[in-house]
Amino acid sequence: MQVADFLKKLPLSEYTIHFIGIGGIGMSALAEILCEGGFKVSGSDAEYNSNCRYLAGMGVNIAPAGHREENIPADGCAAAIMTSAAQQNNPEAVKLLRDNIITWGRGEFLGELCRCYKRTVMVAGSHGKSSTSAMLGWILRKLGNDAGLVIGARYNSSERNARLGSGDILVGEADESDNTHALLSGELALVTNIDGDHAWSKEAVAEQEQKFRIFGANFRKTLYLASENCRRIFANCPNAEPVSEEKFKYMDSLVPGNMLGFERTNAVLALTGAEYLGFDPVMAAEALKSYPGIRRRQTVIMVSPDNCITVLEDYAHHPHELACSLEVIRLRYPAHKLTVVFQPHRYRRLLRYFDDFVRILSDKTLSVKVLPVFCAWEQLLIDGRESADLVAAINAAGGKAELLSLDAPERSAETLLKECPATEQTLIALIGAGDIDRLTKCFQCKSEE
């Protein structure tokens, strides 16, 4: 298989590449693009998951679960891409360093990939990146443009989140969690919002904002949804401007009626991006009518046979996201009693936004179950908070909360269903970005029974 001509711009002398942590959603997307583009790809991960199985079906050489030196192909590789979750003592990374093989981080390599396309569009922001980029990618492909995609979530359909495309347009999302968004460049940047998530100190917030300024300046045009933070951060960026109030209202009038709350805001930015790229916004909005959504974003995973119980999942893990998620749930299911199963994500996030989580989850209309903190490779902070502290604070504020174990997710799922009143419609919202999906899978299995 020949390597696509436009990918030959990558700084590689040979077309073999190894991925450390290939099973992650962002890493697997890059691997899929390179494989489709004619590269010889290999990879490894601590867990052999569904992304690994899919890539293996494409012909990618996936090692058995675990990291070890022998996972690197015996005939070597020209370069490697390593997930930010990998430890410094990862045996594959150590061998690559010893062999003087160029190794990029995921965000660093995405920056290289950006330069291969004629018009790169990157969506950045603290919240809504995946949804907005997925909407824009859906619009372009439905309108006949063979756009490349590198999106950090899967569609709720057969459409892939990773596509090589023709080399004209690439649509993707820029990750601010490790500040690698500042390495990206291209035709158009779209910014949803900026509120300092993933920055755990004043110094880190200042650094992140500076990286956003660099990101905005790296594109021919930067369009952002108007907010105090975005206006301040991009004030001296001559190529950056907010979506005007008039433009916002017009685009919002075109958004399909089934989209609510934050979904509409994301759609407005996607439509604005499509218009900038030369597509008619009315036709773009028509294409959005078939948009299937992406996984773990207001996704219904089970409805009981009598329609009394609905279970959905959402990726929200920041207080702003949690509040927006609950707003849409209430708009979409106004007659349902709400049970919220929430998993805090990272000890540092729980500590920083503890009072905000308490304020939102102590609402007397909610029945709240709190799962153990998904630590995301963090250790409990000396002055940190745990899930039990969140439960106690919610109850002290007048709410109703209790701990829920993930040790036996099947039993926890059964408990949640048994607690639903027989005479009322109930919605169980599984909200979080960690291994709460273990509980999700239990409900999915019940739905298939």
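Two strands are said to pair if DSSP finds at least two bridges between them, and the elements themselves are DSSP runs numbered from the N terminus, with helices (H or I) of at least four residues and strands (E) of at least two. The model is a predicted one, in which local features need pLDDT of at least 70 and side-chain atom pairs count only at pLDDT 80 or more, whereas totals for chains, interfaces and linings use all residues. Residues are numbered from 1 along each chain as its sequence is written, and side-chain values use heavy atoms, with hydrogens and water left out.

**The parallel sheet**

An open sheet is formed by 5 strands with parallel pairing, in the order E3-E2-E1-E4-E5. Its edges are strand E3 (61-62) and strand E5 (102-105), each of which has a single partner strand, so one side of each is left without a neighbour in the sheet. E1 and E4 run parallel and are joined by 4 bridges, and here phenylalanine 19 stands opposite isoleucine 81 in E4. Strand E4 (residues 79-82) also pairs with E5 in the parallel sense, over 4 bridges; alanine 80 has threonine 103 of E5 as its bridge partner, while methionine 82 has glycine 105 of E5.

Helix H1 (residues 25-36) lies across strand E1 (16-20), strand E2 (40-44) and E4, and runs at about 165° to E1. Helix H3 (residues 91-98) lies across E1, E2, E4 and E5, at about 140° to E1.

Lysine 129 is found in helix H5 (residues 129-142). With a relative accessibility of 11%, lysine 129 counts as buried, where buried means under 20% relative accessible area, exposed over 50% and partly exposed in between (1.4 Å probe, protein chains only). Not counting residues up to four places away in sequence, lysine 129 touches Val123, Ala124, Glu173, Ala174 and Glu176.

Further along, which aromatic residue does tryptophan 138 form a tilted pair with? Rings of Phe, Tyr and Trp (its six-membered ring) pair if their centres lie within 6.5 Å, and planes under 30 degrees apart count as stacked, over 60 as edge-to-face and the rest as tilted. The partner is tyrosine 155, at 5.5 Å centre to centre and with 50° between the planes. Tryptophan 138 lies in helix H5 and tyrosine 155 in the loop between strand E7 (148-150) and strand E8 (162-163), so the pair ties together parts that are 17 residues apart in sequence. Tryptophan 138 is buried, at 7% relative accessible area, as is tyrosine 155 at 1%. Trp138, Tyr155 and Tyr291 form one aromatic cluster.

**Charges over rings**

A charge sits over a ring if NZ of Lys or CZ of Arg is within 6 Å of the ring centre and within 35 degrees of the ring normal.

| Charged residue | Ring | Distance to ring centre |
|---|---|---|
| Arginine 297 | Tyrosine 315 | 4.2 Å |
| Arginine 385 | Phenylalanine 354 | 4.1 Å |

**Positive phi in two loops**

Glutamine 298, although not a glycine, has a positive phi of about 55°; this residue lies in the loop between helix H10 (281-288) and strand E13 (299-303) and counts as buried at 10% relative accessibility. Asparagine 307, also not a glycine, has a positive phi of about 65°; the residue lies in the loop between E13 and strand E14 (309-314) and counts as partly exposed at 47%.

Technical notes
Contact means heavy atoms within 4.5 Å. Axes are lines fitted to C-alpha atoms, for helices over the stretch in contact, and angles run from 0 to 180 degrees between N-to-C directions.
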